[in-house]
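Please look through the chains of the structure shown here before reading on.

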Amino acid sequence: MGKHAFDVRSLINRDNNIVQLLGMVVVIMVVMTFLSPDKFLRYYNFESLTYLFPELGVLSIAMLVAMLTGGIDLSIIGIANVSAILAGLFFHHFVGREGIASGDGTGIVFLGIVLSLTIGAAAGAFNGFLITKLRVTPILATLGSGQVFTGIALVLTGGPAIVGFPVAWDWIGNGKIFGLAVPFVLFIVIALGMAFLLTRTTFGVSLQLIGTNPKAAVYAGLDKTRMIFLSYVATGMLASIAGIMLSGRTNAAKSDYGTSYLLQAVLIAVLGGTNPAGGKGTVAGVSIAVIALMLLSSGFQILRFSNHLIDFIWGAFLLLVIVINAYKNRNR
Amino acid sequence: MTLFRRSEVVIAAILLVAMILIGLVNPAFWQVDNLFSLLRSNVIIGIMALGVLLVMLSGGFDVSFPAFAVAAMYLTVKGMLYFGYVGVLVPFVCAILIGAACGSINAFFVWKFRMIPLIVTLGTGSMVRGFLLGVVGTSMINIDRFPPVLIDFAKAEVFTITKADGTHSGLTAMVLIYFALALGVHLMLRHTMIGRSIFALGGGAEAATRVGFDLKKTIFFIYCLAGALAGFAGMLHCSMIWLANPRDFVGTDLEVIAAVVLGGASIFGGRGSVLGTMLGVFMLVMVKNSLIIMKVDTTWQLVVVGSIIVIATAATAWRDRKRQA
Amino acid sequence: MSDVFLDLRNVVKRFSGVAALDDVSLTIRSGEIHCLAGENGSGKSTVIKVMSGVYRPDSGSIAIDGRTHSHLTPIEAIRHGIQVIYQDFSLFGNLTVAENLALNTELRNKRKLVNWRSVRDLARRALDRLGVDIDPEQEVDELSTAGRQLVAIARALMSDPRLLIMDEPTTALTRKEVETMFRIVRDIQAHGISILFVSHKMREMLEISERLSVIRNGRMVAEGPTSNFDESTIVRHMTGHDISSETYHWKAPATPTPPRLEIAGLTLAGAFEDLALSVHPGEIVGLSGLLGSGRTEVAQALFGLEPGHTGTVRIDGVPVPLDRVQTAIDAGIAYVPEDRLTEGLFLTQSIDRNILATIYERIADWSVIDRPKAANLAASSIKALQIATPTGDKPVGELSGGNQQRVVLARWLLTEAKVLILNGPTVGVDVGSKAEIHRIIRDLAVEKGLAVVMISDDILELVQNCNRIVVMHRGRFVETFETADTSEQRISDMLTSFK
């Protein structure tokens, strides 16, 4: 037990950003409870959040991975949609609409997941190729590739949404396991896995070192090209997982679903303490940040703010974070 | 050989080749109608691109301008309807001021908190659009309510040609406004100290301060002017399509940035030109519009535009690496 | 004292309570070349910033031409004729030479518009005044370091300064370029302009200056005519203690051993040609040559950064392919790069991570890092190299220059390197740590039987630490000296004779 307590303390010391974020969550909870005591604190509200936030959470972790090396990935939404759409087309082709409606296709869902992840990995590899081999700046490379992915999604669907996914696929977005929302459990697993990958493995530590000083990384013998390439593959795969969750929850896939998530993923990554210039960022910080912001959104929704106004609040929050960070750095 | 080191020459050459190729696939490309409509499509993206160029020259990255354009246009048209105002000048001035005011928020955060412009403009863009749709309204102002005075203004044509079958086709006078603005921005960048200070800032902020530039002034100038150009473009856009849609310009940011990058501006700041930007805009608009002429399904538009960005940026990166070697 | 131009009197400057300058007084006379000597962090740059108006002193005053000011603003400093040439030159790489030169003047004249003809005229005149041949229409990014420095000097002279402050002006220059610069500096002095030369390079200071001040820990510890000083007295003032310098002796063992590092026919098109060299365990071989002689390229090639080279490299008799950094490291080659801050360290990362960066792969199973092992290795390295820190969790950027260099060395010791290539091992390291790092390198060579190749601009450093020195010129090894039978002077003369 003693050792465990020490670990927690060292975690807090290392990153007082996390303490700050936790404080923010508490403040949001208190204020929202005060403003709308009967609705905000209901179990139903929190439960519905556990279905909603994981998509965004996974996308934010994807953004964190890209930002660790000083990059950014503006194509994650495109990747998410294109992988969900391809899975949808795959189901329609092999099971057929009637088959899906009659509950068939459960067995083939596993193949669909593999397909989606492969698409995500391939899309990420394409980004990685542009960035490491052709040396295109990440922001421009993913700006362009994001258009291409979204474009492919549009070409594949011709515009309207693909509706009707197998029951097991829906379960990923809407089901329950051990009394908890499946997306939520999935998010916890992914967050823990990514935290482990980023802090305990050579891959993760290399990314942080490369992000801190790419030149020194080369001289220290780190395989910069390979690591950055792999980081975009990982980003792409995470994006495709988010795509699976999104299409599972809505039972549909479309080329322009979730476009507002892009800004939000950047915001959450930055809010979670990720340095957009590279080298710094934790999964814990990003996870708490996404929870904080989802609580904030849901609070405002309960207060009957329109979705547009919530966009306004997210933007304002991003600017607020900039101000807070600026003052924090000044004191240091 | 030095001629080919100028990126404008290279872009112009590629543009020419592309035009010839498209013309070969479908000779209709060279019809006056098509060329006029092509030029017309340049106007709005082009004016916005001028603003984006300014920001990029300083080493920044702006994704908020479509939101500013929409806000300026929608608020102004709403105001015109509310007050029953009939006129052209005041609304445009009003849109410019709204754009500049929004731009000053960007400038404030970029200057005061030294935050990466991409992050700042993501925030301000989202705020302005959220405010517009959440507070001001989401309904379109259609042709039936749209101020006729604006429609008349934007209908002006430079010259018209009567074709053999008796129909007319004209070149919109808005092209002149675009060219005038481009010339103005070019002269400002090349021949005024504030213009040179933008290049200096893009070359190195620390050095620029030491030489004695007032960077606060420069940053506010850049973002306010970029905002003003966006506001103006928004207003002109609604006058040209007779419709003020508060959800307009979604995705325009990527397109305009792509055009500026195509035009040879460096994302790291300090390098780029108005002429290059105009060529970049023309290239992008031409390829997009020519898909229809070339009988390609419009759903392919994004794929084509995205591919162009990828290829152009990869080519630029390759060229820069060769130059360094 | 009518010839005094600038007089700092009892200046105190504190940063969050810590005194960076403590009662500093400094007198600069009109038309003199004055040196300000001090180690890194001694307060040299704070003095510059007080003089140029960037910092406002907490107490004390600045007198210019006998008139006392409590502080200056940057504009006032410039108006009084104080010009600073910073280490990075503060030029705009994306603009032409002409515009870089003219910007100051245009700004001072509060111009709103740019008159390109007058820009070109101004630039032409400024360059002519310096007597240098640089195309004003060239972009600054296309110039060499020396060229950029000349542009920076030309720009500073345009405002008719009374005092030119040069911050570490010789850092990136070759010996030849330093001499050109000194000629220009003396020429400037002849026009009655004072020059404050801020440096930590002893011999250059002794060569160029008339008077010299030494600053240590924010206090002036010595001042006087340069003729009163020699290297050892300056070092004593700068560090507060004496530093002995012994030369390095290496004795070939009685029974001949195979060389640790053996190079034959090493060629890289456009950089070097047909190089041959053998380095035995325990040997420290110096590699000297002007900038552009190919010495850095040799080091890079040995470290797998120039995959295009031909020829063979053997380590302990085994040929090794050096097509990638990883293969070089696996073969036992370690490389300490030239610029520690930008090429060697991850400043915001912990000391531990900096030490372990290269061997993470080796202490990981299936990519999962063995954390206890990592912690032990880092801790023992910190101890072995006497890195002054309470804990390895601290960011490496908080260490002093000497300790930072030890971190880089520690990293390579963990890889069990057999060949250690050092490129400018003590650039930017203060005199005290310099001797300490030299000692560590020598000890390592002996204890671990390393073959060390040391590249340096500082010929004295090579003479003191190497048993052999190879001189490189135009991509070839032209001469080899046994250190025991040569002197610094002979090698310097040889380098000067090139070009």
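A salt bridge is taken here as a side-chain nitrogen of Lys or Arg within 4 Å of a carboxyl oxygen of Asp or Glu. The model is predicted, so that local features need pLDDT of at least 70 and side-chain atom pairs count only at pLDDT 80 or more, while totals for chains, interfaces and linings use all residues. Residues are numbered from 1 along each chain as its sequence is written, chains are lettered from A and ligands numbered from 1 in the order in which they are written, and side-chain values use heavy atoms, with hydrogens and water left out.

By the salt-bridge rule, the count over all chains comes to 25. One of these is formed by the side chains of C:Lys418 and C:Asp316, at 3.9 Å from N to O. This pair links distant parts of the chain, 102 residues apart, with C:Lys418 in the loop between α14 (401-414) and β19 (419-423) of chain C and C:Asp316 in the loop between β14 (310-315) and β15 (318-319) of chain C. Helices (H or I, at least four residues) and strands (E, at least two) are DSSP runs, numbered from the N terminus.

Because C:Asp141 lies in the loop between α4 (116-130) and α5 (145-157) of chain C, and B:Arg271 in the loop between α12 (252-262) and α13 (274-293) of chain B, the pair joins two chains. C:Asp141 is partly exposed at 46% relative accessible area, and B:Arg271 is partly exposed at 25%. Through shared partners, salt bridges join B:Arg271, C:Glu139 and C:Asp141 into one network.

Within chain B, B:Arg210 forms a salt bridge with B:Glu206, the closest N and O atoms being 3.0 Å apart. Both residues belong to helix α10 (residues 205-211) of chain B and are 4 residues apart, about one turn of the helix.

Chain B also carries a nonpolar patch on the surface, formed by B:Tyr82, B:Phe83, B:Tyr85, B:Leu89, B:Val90, B:Val93 and B:Leu97, which together have about 830 Å² of accessible area. The elements giving two or more residues to this patch are α4 (65-83) and α5 (89-113) of chain B, and α5(B) gives the most, with 4 residues. Patches are made of residues with over 30% relative accessible area and no salt bridge, like charges being joined within 9 Å and nonpolar side chains (Val, Leu, Ile, Met, Phe, Trp, Tyr) within 5 Å. B:Phe83, found in helix α4 of chain B, counts as exposed because its relative accessibility is 67%.

In chain A, the axes of helix α5 (residues 76-94) and helix α13 (residues 224-250) come within 7 Å and cross at roughly 55 degrees. The two helices α5(A) and α13(A) are therefore oblique to each other, given that angles under 35 degrees count as roughly parallel, over 145 as roughly antiparallel, 65 to 115 as roughly perpendicular and the rest as oblique.

Finally, C:Gly432, placed in helix α15 (residues 431-448) of chain C, is 30 residues from C:Gly402 in sequence and 8.3 Å from C:Gly402 in space, C-alpha to C-alpha.

Notes
Accessible areas come from the Shrake-Rupley method with a 1.4 Å probe; for residues, only the protein chains shown count as cover. Buried means under 20% relative accessible area, exposed over 50%, partly exposed in between (1.4 Å probe, protein chains only). Axes are lines fitted to C-alpha atoms, for helices over the stretch in contact, and angles run from 0 to 180 degrees between N-to-C directions.
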